[in-house]
Amino acid sequence: MDCRIDPAAAFGIKNGDAHVIRNAGGSARDALRSLVISEQLLQTTEVFVIKHTHCGMMGITNEQINATVEKNLGAAALAELNGLDWLPFQNLEQGVKDDVAFLEASKAIPDSVHVSGWVYDVENGMVGPD
């Protein structure tokens, strides 16, 4: 989701070579619906879980996000989002590992789909395994 990251440049992919699914925190859980569609309807055979340094979803809590929503948008907006897990994480590398493990354990992602985890450093543009 972060606009500082250009997936094509970071991974040397051309337009049409990959389905790029972005969301806050690079969450595999949040992306599962899109990943299933990509794999089942478009024959995707590989998934890269990528989180980046200085991510806004790292180090915060659901309670903090809910308080911000209520302060900025009001109680009705918070009520509409009642119970939503914002999927924050506390450690970058562990967050990647947890998301990879989630996808590998999911019955909705076939074992034939290769899943790997990566960390993108927004300061130097380097990508490395979790």
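Trainee: What's the relative accessible area of isoleucine 37?
Mentor: Isoleucine 37 has 43%, so it counts as partly exposed (buried is under 20%, exposed over 50%, partly exposed in between; 1.4 Å probe, protein chains only). This is a predicted model, where local features need pLDDT of at least 70 and side-chain atom pairs 80 or more, while totals for chains, interfaces and linings use all residues. Residues are numbered from 1 along each chain as its sequence is written, and side-chain values use heavy atoms, without hydrogens or water.

Trainee: And where does isoleucine 37 sit?
Mentor: In helix α2, residues 28–42 (helices are DSSP runs of H or I, at least four residues; strands are E, at least two; numbered from the N terminus).

Trainee: How about isoleucine 65, buried or exposed?
Mentor: Isoleucine 65 is buried, because its relative accessibility is 14%. Helix α3 (residues 62–73) holds isoleucine 65.

Trainee: Switching topic: how much space is in the largest pocket?
Mentor: About 930 Å³ (a pocket is an open set of 1 Å grid points over the protein atoms alone where a 1.4 Å probe fits, with protein on both sides within 12 Å along at least five of seven lines; lining residues have an atom within 4 Å of a point). The volume is the space filled by probe spheres on the points, joined across faces, edges and corners.

Trainee: Which residues are closest to its centre?
Mentor: His19, Val20, Ile21, Phe48 and Ile50, out of 36 lining residues. Two or more residues each come from α1 (7–11), α2 and β1 (46–52).

Trainee: Which element gives the largest share?
Mentor: That's β1, with seven residues in the lining.
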